[in-house]
Amino acid sequence: MGKIFILIQSEGDAIHRVSLEAINGARQLRDSGGHSLHAVLMGSHAPPAPLKGCDIDEILHLNHAQLDQYSPEHFIAAAEALIAQESPGLIIAGHTYQARDWLPRLAVRIGLPMISDCTGFESGGSLTWLRPIFQGKISAEVTTADGPVMVSFQAGTFRSDDLGTGAPAVRAIDLDLSGVVPKVLREPKFQEAKGTVDLSRAERIVSVGRGIGEQEHMKIVEELAAVLGAELGSSRPVVDYGWLDHDRQVGSSGQTVTPKLYLAIGISGAIQHQVGMKNSGCIVAINKDAHAPIFEVADYGIVADLHEIVPALIQALKGEQ
Ligand SMILES: Cc1cc2nc3c(=O)[nH]c(=O)nc-3n(C[C@H](O)[C@H](O)[C@H](O)COP(=O)(O)OP(=O)(O)OC[C@H]3O[C@@H](n4cnc5c(N)ncnc54)[C@H](O)[C@@H]3O)c2cc1C
């Protein structure tokens, strides 16, 4: 494999969380032997702090003002020039909306296979990439012929909070982008609607599923969330019933979350839910069915009726018991 590139998505000092996760995936690959890890940073701003102190070998700084804001044509031209110069064996990125836009075009331009939205890999023997298909019901194992490949990782595949420590060298790359004629014109940046909840930043989430039974019962999980200082999340049926807004839904058609604590209450743990929460730090599940799949990913499981456990938890947390 040789050189592993990670294409970093950043805005000023802020690195996209999925890029940080990709660094951790790439570190695992690098540590499987004989490879080096290079973060590719676009734009004229100085490398952000998390990158300068993490366990990578080098920062390749594509230091050009035309890369300060997203422009697919400029990004593709810059990456193409760098890849031609450095010949990496593997190019990794987080599977963000931005990556979805320009990476397939880059792959076609430089003639490399692109395996998108991966949720893991197996590195014993030949390298196999895992990617969910058929709405997450099946995990496909993808291998490619020898040679360079591009890969993007789904959000939540790796942790983003411990990138190790290091002091990577920073190498500025000279670029001539004067010949790039952008065909895509930038509009003002999309603003999320006011009140939208970003569960991906929550440290604790109390998540509720269909097992709650009725809307009337939602108040007990709301109280538990309040006592724990947690955000409220849910499985899809709770959103479909209209008991919570869609921005609280966790899973393949909702948000991907990695809180320190994820409390799953009355959630069966269907694969579409698990892909959104399985990388949480500590998963606690309360479910009356001992065979519910949620227990396969839970660190702690309570097989019981939530209507007994949740009020008792609230009391205990309030110090009333
Ligand atoms: C294309 C597609 C996308 C999808 N996207 C998502 C998604 O993003 N997020 C998502 O969550 N789902 C998603 N789904 C739906 C998913 O397949 C499941 O149907 C859903 O996750 C089930 O939600 P649930 O666990 O709340 O309900 P159920 O599967 O009905 O589970 C309810 C659980 O509550 C338990 N329970 C019942 N009563 C009690 C009680 N009193 N005390 C304790 N436990 C109790 C039961 O034992 C059961 O395990 C998607 C499906 C498709 C096809």
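Modeller: Strand β6 (residues 90-94) pairs with β11 in the parallel sense over five bridges, where strands are DSSP runs of E with at least two residues, helices are runs of H or I with at least four, and both are numbered from the N terminus. Two strands count as paired if DSSP finds at least two bridges between them. This is a predicted model, in which local features need pLDDT of at least 70 and side-chain atom pairs count only at pLDDT 80 or more, while totals for chains, interfaces and linings use all residues. Residues are numbered from 1 along each chain as its sequence is written.

Biologist: Why is β11 largely enclosed by the rest of the structure?

Modeller: Five of the five residues of β11 (residues 149-153) are buried, so the strand is largely enclosed; buried means that 20 or more other C-beta atoms, placed from the backbone, lie within 10 Å of the residue's own, whereas exposed means 12 or fewer and partly exposed is in between. Val-149, Val-151 and Phe-153 point one way, while Met-150 and Ser-152 point the other way. In a regular strand the side chains alternate between the two faces of the sheet.

Biologist: Changing topic, what order do the strands have in the open sheet of five?

Modeller: The order is β14-β13-β15-β16-β17, with parallel pairing, and the edge strands, which each pair on one side only, are β14 (231-234) and β17 (300-303). Within that sheet, β13 (residues 204-208) is joined to β15 (residues 261-265) by five bridges, and Ser-207 has Ala-264 in β15 as its bridge partner.

Biologist: And how many residues surround the ligand?

Modeller: There are 28 of them, and the closest include Gly-209 and Ser-268; a residue is near the ligand if its C-beta atom, placed from the backbone, lies within 6 Å of it. Helix α7 gives the most to this shell, with three residues.

Biologist: What classes of residue are in the shell?

Modeller: By class, the shell has seven nonpolar, 16 polar and five charged residues, where Ala, Val, Leu, Ile, Met, Phe, Trp, Tyr, Cys and Pro count as nonpolar, Asp, Glu, Lys and Arg as charged, and the others, Gly among them, as polar.
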